Amino acid sequence: MLTRIEGGHVVDPASDRSGVGDVWFEDGRILAGGEGRAPDRVIDAAGCLVMAGAIDIHSHIGGGNVNTARLLLPEHHRAHLPRPAATPLSNAGWSTFETGCRYAQMGFTTVVEPAMSPGAALHTHLELSDIPIIDKATLAILGNDDFLLSMIRDKASPAMIEDYVAWTVASSRALGVKVINAGAAAAFKENVRTFSFDDVVPSYGVSSRRIVKTLQGAVNALGIPHPLHVHCNNLGAAGAADTAAVTMAAAEGLPLHLAHLQFYGYGTEGKRKFSSAGARLAEIVNSTPEITVDVGQVMFGQTVTVSSDVMRQFSARGTASPKKSVIHDGDANGGGIVPYRYRPDYYGALQWAVGLELFLLIDDPWRVFFTTDHPNGAPFTTYPAIFRLLMDREARAEAIAALPKAALAMTTLPSIGREYSWEEIAVMTRAAPAKLLGLKDRGTLAPGAIADIAVYRKQPDIEQMLGAAAYVFKDGDLVVRDGEVTHYRRGKALRLDTPVDAAMRRRMEAFHQERYGLSLDWFTFPDHAISRAAPFAEVACRS
Amino acid sequence: MAVAWIGSREVTGTEAARRAAELLAQSRCPVFSLDGDVHAWRAAIALAERVGASYDQLQGATLARELALFTGKGAITVAPGEVRRRADCIVLVGEIPASCRVWLKDVSGTKPDLAGGTGRSLFRVDSGRGAGRQVSSGGGIAQTLAALRAQLAGRSSSATVSNFDALRKALGNARYAAFLYSGAGLDELAIEMLQGIVADLNRTQRAAMLLLPDNEDAWGGALASTWMTGFAPRTGFGRGMPEYDPWRFDAARMIADREADLHLVMASRRNDIARLPRRPTAIVLSRTDAPVANAAVTIAIGEPGRDHDAVRYSHRTGTIVAQAAEKPSQRASAAAIIGAISEALPC
């Protein structure tokens, strides 16, 4: 069906397009125009903003830890049922079904689950396949696994490590690689309780720094488009800004992505020894072009923190609200689920402010990405409220006025006047994520791109506008109209097409036989195990 | 080979699916009792949503006990692979499922290769015969665990626990202690007490629990239910949205209290279901060659992993695995039959 979206305000930084005009598409792809043909369908977009479907690079939407969080908190989901929006826990529920629908309603069409344990890849992909409408992708976690740590300890060649990384990405159907508190989960199993960038994993003699640098090199050498995605050490600790700073310095000219930087933006000043280092970290990002970050914005209210940083989550379990948690020592990767309620007290207000400082003080929207680290900083359903805070300084001032002055005195936020433009929002949520992930077919309305399109009816209330899109098309299918889902469809999981070395496969077979007493078949799976037609789509590595 | 029956009359699979759909459409309060691989659970939960049914595991009481710790208290847990490679002190608590014996024997016969490479000690807390020293108070497992928790924390207890000093010494020396249990061997309070012991130990050292589910397919179904609806079984769609209530949606209770007017049973193993009560009306999907007594509709299905490829939870990996059919047959999967019933439902 040839469709023309007519007369909307088109914002597409990837093709340098900004202004009133039409967008054409047919058979799931954007066209330059109708080539003289009459459209089969015309969507009146007068008074609307038209952008590509949004891409979320870091949101925990599927896999073992997320599902354990659901299991742990039935009261959250119960509260998520039709109730007044202000009801406690009213925004903390998320089944796979809700996840797809709510993302689509906001105009998001691709979401990356950034922490898939390779050993639980089948579970993760089964969950993702049950998320309707949107496309998904995963990052495979490495950096605490015995095979890699042993190779680094034993001074294996870079080529052999690259083979292992390629095998892991291919067998787990991932789009990239993440490292989480490198080495800490392995150290925690040996009763180590804190772990910094230059600390060494017992029994391996390998530092966190060395693990990160090894993986960064392998990811770069393999041509994996997305840089190594790093969850730093010392998350949430006062003084963690020092850790983030040394990690960024360790990039040494090669691309490196730091996840949820907000959770490291804490200094040690003031009588509470907890202050904002947001401005300092923003300055480092501004002056280090090889670094990209996502923020992990905190919003007030109930959520649950979900992380494979098992050491950090173990130490946080005393703050659980409600008072229950799950801590899991997995094969290589651990996991911790700790429910938490962000309150507008000194500490909560400071965390909230640090995230906004990072958004507003990092100059280049191509290098700072829009996330709450769902559900860690806040559920993804809070995105429209955060867009408002970024685009409207008066809304920000109103929110600031309600927070403890002692906390605000420790930040630069009240003095920042920047307001994001629609072009910058489009860069941060569309063009830049596509570029960062190597997804050439989305994040843009340029001819040839897939027809993932979000149309928003302009109105003074940005939160309302971006929370309920007027129209959303996924692969050209109309899936949302006037903020309501109209059509369910299956998305795909995007995976890299990494070649696998046959010798590495044999090595992995021998390793699993010897160490677990099981064939490698127990740890891998055929595509048809997902039981959906064409569940995956291939993404090319850099040549 | 017959594949379906309406009452005792042999019919085609299509006819049986159509009759099952009619019964579901007419039902005011359908309840599902489920057992099968992950795909079967996914299909059945989707059908439950369409017809407003509640669902439970086929023998739901044990699964409910296993789930209660996670929904109510939380835990410190470990993967089976890490137990095999790392645990130098293993404590079996209560009866362990027979299906796990091969794995247990394998683990008992190996040394941990991570973090030390020493041997491992093995204890059994009110567990059956086998390797390892028996730890017991003689007053039942709940009493033994309570006494153990008190005494390990340096408090006194009226109960005398056999081999306590040996266990305390082994735990004190352990680099990683693993406590293995199942919902078939422990009640909810005992599981919670075990979790308390593990939490106490972790103040100064490392220890964790490993659930060896009594029924692996039940645990796989619980995981699928949780991601699909936000809730583990016992969940119901009677009000058009998923609601979780382990008492209200207990299938056995709903049938005993005559709340349910239709019972859909999905039983993937031979001889799981031979006869049903006359009420309520029943639709049975079973690995059978004959109609199930008293069932309104019986449809033959295959056993996942035997007759057809399957995706199921495994105690050996602690996660969901793909399993190729051992003896591929023409028997349909439960998921396929549920799909046929769904298609036959009125729009």
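The area buried between chain A and chain B is about 4200 Å², with carbon and sulfur atoms giving 55% of it. This is a predicted model, where local features need pLDDT of at least 70, side-chain atom pairs count only at pLDDT 80 or more, and totals for chains, interfaces and linings use all residues. Residues are numbered from 1 along each chain as its sequence is written, and side-chain values use heavy atoms, without hydrogens and water.

Colleague: What makes that area "buried" between chain A and chain B?

Modeller: Buried area is the accessible area (1.4 Å probe) that two parts lose on being put together, summed over both, so the value of about 4200 Å² covers both chain A and chain B.

Colleague: Why is B:Arg85 with A:Asp146 called a salt bridge?

Modeller: A salt bridge needs a side-chain nitrogen of Lys or Arg within 4 Å of a carboxyl oxygen of Asp or Glu. The closest N and O atoms here are 2.6 Å apart, so the pair qualifies. The count between the two chains, A and B, is 6 salt bridges.

Colleague: How do you know that strand 18 of chain A pairs with strand 5 of chain B?

Modeller: Pairing takes at least two bridges found by DSSP. These strands have 5 bridges, in the parallel sense, so they pair. A:Ile327 stands opposite B:Ile76 there.

Colleague: Why is strand 9 of chain B called mostly covered?

Modeller: Buried means under 20% relative accessible area (1.4 Å probe, protein chains only), and 5 of its 5 residues are buried. On one side sit B:Ala177, B:Phe179 and B:Tyr181, and on the other B:Ala178 and B:Leu180.

Note on methods:
Chains are lettered from A and ligands numbered from 1 in the order in which they are written. Helices (H or I, at least four residues) and strands (E, at least two) are DSSP runs, numbered from the N terminus. Buried means under 20% relative accessible area, exposed over 50%, partly exposed in between (1.4 Å probe, protein chains only).
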